[in-house]
Amino acid sequence: MKKFIFPMCAMLLLVCSFAMTGSLMAQEVMSDEVRNFRIAAEQGDAGAQYNLGVCYEAGRGVAQDDREAVKWYRKAADQGLAHAQFKLGGCYGLGNGVTQDKHEAAKWYRKAAEQGLADAQYVLGIYYEDGKGVVQDYRAAVNWYRKAAEQGDADAQYMLGGCYEEGKGVAQDYREAVKWYRKAADQGDAGAQCRLAFCYSYGRGVAQDKHEEVKWLRKAAGQGDASAQFLLATCYALGSGVAQDDREAVKWYRKAAEQGHADAKKALELMGY
């Protein structure tokens with residue numbers, strides 16, 4: 001039996017050596033930035049806990065790990081850090097690193113929104129409009145969209161414009177719709193640019209102006225919005241708000257068709273392309 005003692009000890013030493021090497025390798029792949037965040041995070045620094053969560057979620061300077069991200073976001077969120085609460089809400093909403101739970105998502109979004117975080121206010125507005133994790137309430141949706149919109153959030157401005165245009169959660173008011181669409185459009189929101197073009201096309205909340213319609217369609221189309229590309233092509237095909245030009249029409253129909261726009265494909269077929 002004694003002759004087996006040495007090989008067994010050698011094997012144990014080899015295993016320990018591999019374990020230590022693996023531990024050292026794990027430490028080596030952690031960047032200095034992440035290591036510093038961890039030191040501060042373990043001492044209770046909320047900002048460091050949040051930053052460490054971001055690193056784990058993105059796999060920046062450390063192996064990507066959604067569960068670890070949730071762990072550190074939660075620690076920072078429990079200390080009242082709004083950005084961490086927002087991130088934690090997103091993890092629950094998508095089911096990243098934790099079981100998907102829209103109610104928990106809404107809970108954390110609300111905590112961040114109540115601290116004035118525009119991103120959280122916007123998402124909470126969506127939750128109320130769609131009835132995700134909360135009882136559907138259009139008025140509450142408008143309330144949160146407005147809070148974010150007034151802080152300059154383009155997505156919220158676009159959604160608030162939609163609420164005014166449709167009369168959802170607020171009295172229908174095309175002028176207010178145009179006001180908020182324009183704010184979002186001026187920030188480059190393609191969806192808002194399309195809706196603003198529609199308002200100019202039909203004279204909703206603003207004097208009808210086909211030239212303005214084309215102007216805003218062009219901006220959205222230039223960003224790759226397929227619907228805007230199709231509508232801009234139609235303007236060229238009909239000579240509405242712009243000089244009639246079949247070549248330009250085909251150009252924009254093709255761009256929309258390449259994105260799978262069915263009506264654009266049909267229009268090309270009718271034009272013999």
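The paragraphs below go through this predicted model from the whole chain to its helices, single residues and pockets. Residues are numbered from 1 along each chain as its sequence is written, and side-chain values use heavy atoms, with hydrogens and water left out. Local features need pLDDT of at least 70 and side-chain atom pairs count only at pLDDT 80 or more, while totals for chains, interfaces and linings use all residues.

The chain has 273 residues, and 40% of them count as buried. Buried means under 20% relative accessible area, exposed means over 50%, and partly exposed lies in between, with a 1.4 Å probe and protein chains only. The secondary structure comes to 15 helices and zero strands. Helices (H or I, at least four residues) and strands (E, at least two) are DSSP runs, numbered from the N terminus. Among contacts in the chain with a separation of 6 or more, 41% join residues 24 or more positions apart; contact means heavy atoms within 4.5 Å.

Helix α7 is a place to start. It has 13 residues and reaches 18 Å from its first C-alpha to its last, close to the 18 Å expected at 1.5 Å a residue. That expected span is 1.5 Å times one less than the number of residues in the helix. Of the 13 residues of α7, 11 are buried, which leaves the helix mostly covered. Among the buried ones are Tyr-122, Leu-124, Ile-126 and Tyr-128. What covers the buried residues includes α5, α6, α8 (138-149) and α9. Just after α7, Gly-131 takes a positive phi of about 70°.

Helix α13 also has 13 residues and a reach of 18 Å from its first C-alpha to its last, close to the expected 18 Å. Its buried residues are Ala-226, Ala-228, Gln-229, Phe-230, Leu-232, Ala-233, Cys-235 and Tyr-236. These pack against α11, α12, α14 (246-257) and α15 (262-270). Asp-225 caps the N-terminal end of α13, with a side-chain oxygen 3.1 Å from the backbone nitrogen of Ser-227. Just after α13, Gly-239 takes a positive phi of about 70°.

His-261 belongs to the loop between α14 and α15. Is His-261 buried or exposed? It is buried, because its relative accessible area is 16%. Leaving aside neighbours within four places in sequence, His-261 is in contact with Ala-226, Ser-227, Phe-230 and Ala-256. Its side chain also reaches the backbone nitrogen of Asp-263 at 3.4 Å. A polar contact is a pair of N or O atoms within 3.5 Å; within protein, one must be able to donate a hydrogen and the other to accept it, and residues adjacent in sequence count only if both atoms are side-chain atoms.

Two further residues lie in helices. Gln-157 is in helix α9 (residues 154-166), and at 5% relative accessibility it counts as buried. Beyond neighbours within four places in sequence, the contacts of Gln-157 are Ala-149, Gly-152, Trp-180, Lys-183, Ala-184 and Gln-187. Lys-75, in helix α4 (residues 66-78), is partly exposed, with a relative accessible area of 37%. Lys-75 and Ala-41 are 34 residues apart in sequence and 8.9 Å apart in space, C-alpha to C-alpha.

The last topic is the pockets. On a 1 Å grid over the protein atoms alone, a pocket is an open set of points where a 1.4 Å probe fits, with protein on both sides within 12 Å along at least five of seven lines; lining residues have an atom within 4 Å of a point. The largest pocket holds about 260 Å³ of space, a volume being the space filled by probe spheres set on the points, with grid points joined across faces, edges and corners. Of its 15 lining residues, Ser-201, Tyr-202, Glu-213, Leu-217 and Leu-231 lie nearest the centre. Helices α11 (190-202), α12 (210-222) and α13 (226-238) each supply at least two lining residues, and α11 gives the largest share, six residues. The lining divides into eight nonpolar, four polar and three charged residues. Here Ala, Val, Leu, Ile, Met, Phe, Trp, Tyr, Cys and Pro count as nonpolar, Asp, Glu, Lys and Arg as charged, and the others, Gly among them, as polar.

About 200 Å³ of space lies in the second largest pocket. It is lined by 13 residues, with Phe-86, Gly-90, Cys-91, Leu-94 and Tyr-109 nearest its centre. Helices α5 (82-94), α6 (102-114) and α7 (118-130) each supply at least two of the lining residues, and α5 gives the most, with six.
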